[in-house]
Amino acid sequence: MKAFEVNFDGLVGPTHNYGGLSYGNVASQSNSQQGSNPREAARQGLAKMKALADLGLQQGVLAPQERPDVAALRRLGFTGNDADVIRQAAREAMPLLVASCSASSMWVANAATVSPSADTADGRVHFTAANLNCKYHRSIEHPTTSRVLQAMFNDPAHFAHHPALPAVMQFGDEGAANHTRLCRDYGAPGVEFFVYGRSAFDSRLPAPHRYPARQTLEASQAVARLHGLSAEGVVFAQQNPAVIDQGVFHNDVIAVGNGEVLFHHQDAFLDSEAVLAELHAKLAAKGGQLQAISVPRAAVTVEDAVRSYLFNSQLLTRADGSMLLVVPEECRNHPRVSSYLDGLTRQGGPITEVQAFDLKQSMQNGGGPACLRLRVALSEVELAAVNPGVIMTDALHATLLQWVSRHYRDRLTDADLADPQLLDESRSALDELTQILKLGSVYPFQRHP
Ligand code: SUG
């Protein structure tokens with residue numbers, strides 16, 4: 001049966017701002033407190049979705065979350081009506097208000113880990129929402145993420161949903177940002193490649209010194225068990241702690257896989273040779289031939305990779321089987337990376353074209369093309385079972401652009417976050433969005449008005 005990879009992109013929410021909230025994420029830290037432009041951010045994301053849909057690729061959209069998250073502020077002791085809660089938080093604990101306003105759910109590579117039906121024991125597509133417990137502002141995403149995913153993939157005959165893992169350090173889980181699937185083709189059984197930053201229980205494994213390792217081995221193993229993956233269909237590998245200390249806070253900042261291709265930096269993994277050998281053997285057992293493109297540090301340093309987000313790219317298979325690499329514009333503004341890319345497409349390898357997109361609003365918070373999408377490999381029948389409201393079409397694109405123009409501000413600063421009016425604006429935008437995307441009542445304000 002025919003199968004596809006569908007990219008579901010996170011729609012940027014109306015409170016997009018630069019809160020400096022992610023220690024270890026260089027862009028987030030260095031752009032802290034800058035004024036943001038939510039309207040521009042949403043338009044940049046929609047332009048990428050439209051361009052990829054126009055290429056004939058399967059494209060969907062994932063809704064943003066209700067922000068500021070007043071319920072989260074109430075759990076921290078702020079009281080009164082919604083406006084009181086926001087004003088009190090702004091007065092007494094601005095960093096908590098900023099965190100409760102973050103539009104970080106746009107980076108949907110962190111929403112969940114997804115295993116296609118060809119890999120799972122019960123033949124269904126499995127989703128585990130990520131607990132994102134390393135950062136407070138992200139740890140509040142998963143309950144709504146679960147409801148949104150359920151509303152999008154709501155047929156239990158095809159889709160199985162697991163709640164986030166226990167939100168403690170031992171099970172730190174960042175979702176698909178640390179997970180790649182290699183396969184002969186999307187409908188065939190593949191090898192799911194889980195990359196972790198540290199082990200919670202095995203103290204012999206090295207760990208980074210400077211920045212946190214967000215993903216644990218134990219979380220990755222739990223997800224593989226929940227999804228019913230077989231030992232022959234998984235590889236667990238440790239990320240090189242030295243690159244985490246240089247700002248590689250997720251594996252998708254230093255590697256991306258698609259089909260039989262793994263495009264990665266030479267320094268991405270702790271024991272590259274053993275990792276590649278295991279991937280090669282397990283993929284071969286499933287009829288595939290691993291093609292690893294290892295980028296040498298002599299051509300692109302880890303610092304170049306972190307600055308340009310070369311590996312936070314989308315590696316996409318076109319109808320003729322050739323691959324397109326979708327990179328952020330920052331790669332073209334970086335002379336060494338740009339000339340590497342020119343050489344890459346001339347090599348005669350699987351990647352034959354590079355397209356750059358302006359995603360600056362998201363990039364300034366450390367989110368490139370790969371962060372903005374959640375990949376779901378689906379058979380034709382499974383694709384037909386997805387809520388059609390979330391599949392990108394010309395009409396949906398036009399409707400969403402109008403919706404953004406009507407509801408989004410073009411400038412947001414800390415003072416605006418403290419204004420309860422922003423909450424009202426955001427809620428009326430999201431209320432309309434759930435009708436556009438036919439999601440039903442997924443937001444707390446719609447469920448407990
Ligand atoms: O979790 N940035 C996100 C970026 C996530 C990128 N995702 C992937 N690599 N898949 C993070 O660090 C910054 C928010 C702020 O500072 O306002 C932030 O959350």
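The structure is a predicted model, in which local features need pLDDT of at least 70 and side-chain atom pairs count only at pLDDT 80 or more, while totals for chains, interfaces and linings use all residues. Residues are numbered from 1 along each chain as its sequence is written, and side-chain values use heavy atoms, with hydrogens and water left out.

Helices (H or I, at least four residues) and strands (E, at least two) are DSSP runs, numbered from the N terminus, and two strands are taken to pair if DSSP finds at least two bridges between them. In general, strands of a sheet pair through backbone hydrogen bonds, either parallel or antiparallel. Here, 3 strands make up an open sheet with mixed pairing, in the order 3-4-5. Strand 3 (112-115) and strand 5 (159-162) are the edge strands, each pairing on one side only. From one strand to the next, the twist averages 15 degrees; axes are lines fitted to C-alpha atoms, for helices over the stretch in contact, and angles run from 0 to 180 degrees between N-to-C directions. Strand 4 (residues 125-129) pairs with strand 5 in the parallel sense, over 4 bridges. Thr-128 has His-162, in strand 5, as its bridge partner. Packed on the sheet is helix 7 (residues 142-152), which touches strand 3, strand 4 and strand 5, where contact means heavy atoms within 4.5 Å. The direction of helix 7 makes about 160 degrees with that of strand 4.

Attention now turns to individual residues, described as buried (under 20% relative accessible area), exposed (over 50%) or partly exposed (in between), with a 1.4 Å probe and protein chains only. Leu-96 is found in helix 5 (residues 94-101) and is partly exposed, at a relative accessible area of 31%.

Leu-430, in helix 17 (residues 420-436), counts as buried because its relative accessibility is 0%. Not counting residues up to four places away in sequence, Leu-430 touches Pro-64, Gln-65, Glu-66, Trp-403, Tyr-443, Phe-445 and Gln-446. Between the C-alpha atoms of Leu-430 and Ala-151 there are 15 Å, although the two residues are 279 residues apart along the chain.

Finally, Arg-447 lies in helix 18 (residues 444-447). Arg-447 is partly exposed, with a relative accessible area of 43%. Neighbours within four places in sequence aside, Arg-447 is in contact with Arg-147, Ser-441 and Val-442.

Leu-96 also belongs to a nonpolar surface patch with Leu-76 and Tyr-136, with about 230 Å² of accessible area together. Such patches are made of residues with over 30% relative accessible area and no salt bridge, like charges being joined within 9 Å and nonpolar side chains (Val, Leu, Ile, Met, Phe, Trp, Tyr) within 5 Å. A salt bridge is a side-chain nitrogen of Lys or Arg within 4 Å of a carboxyl oxygen of Asp or Glu, and accessible areas come from the Shrake-Rupley method with a 1.4 Å probe, only the protein chains shown counting as cover for residues.
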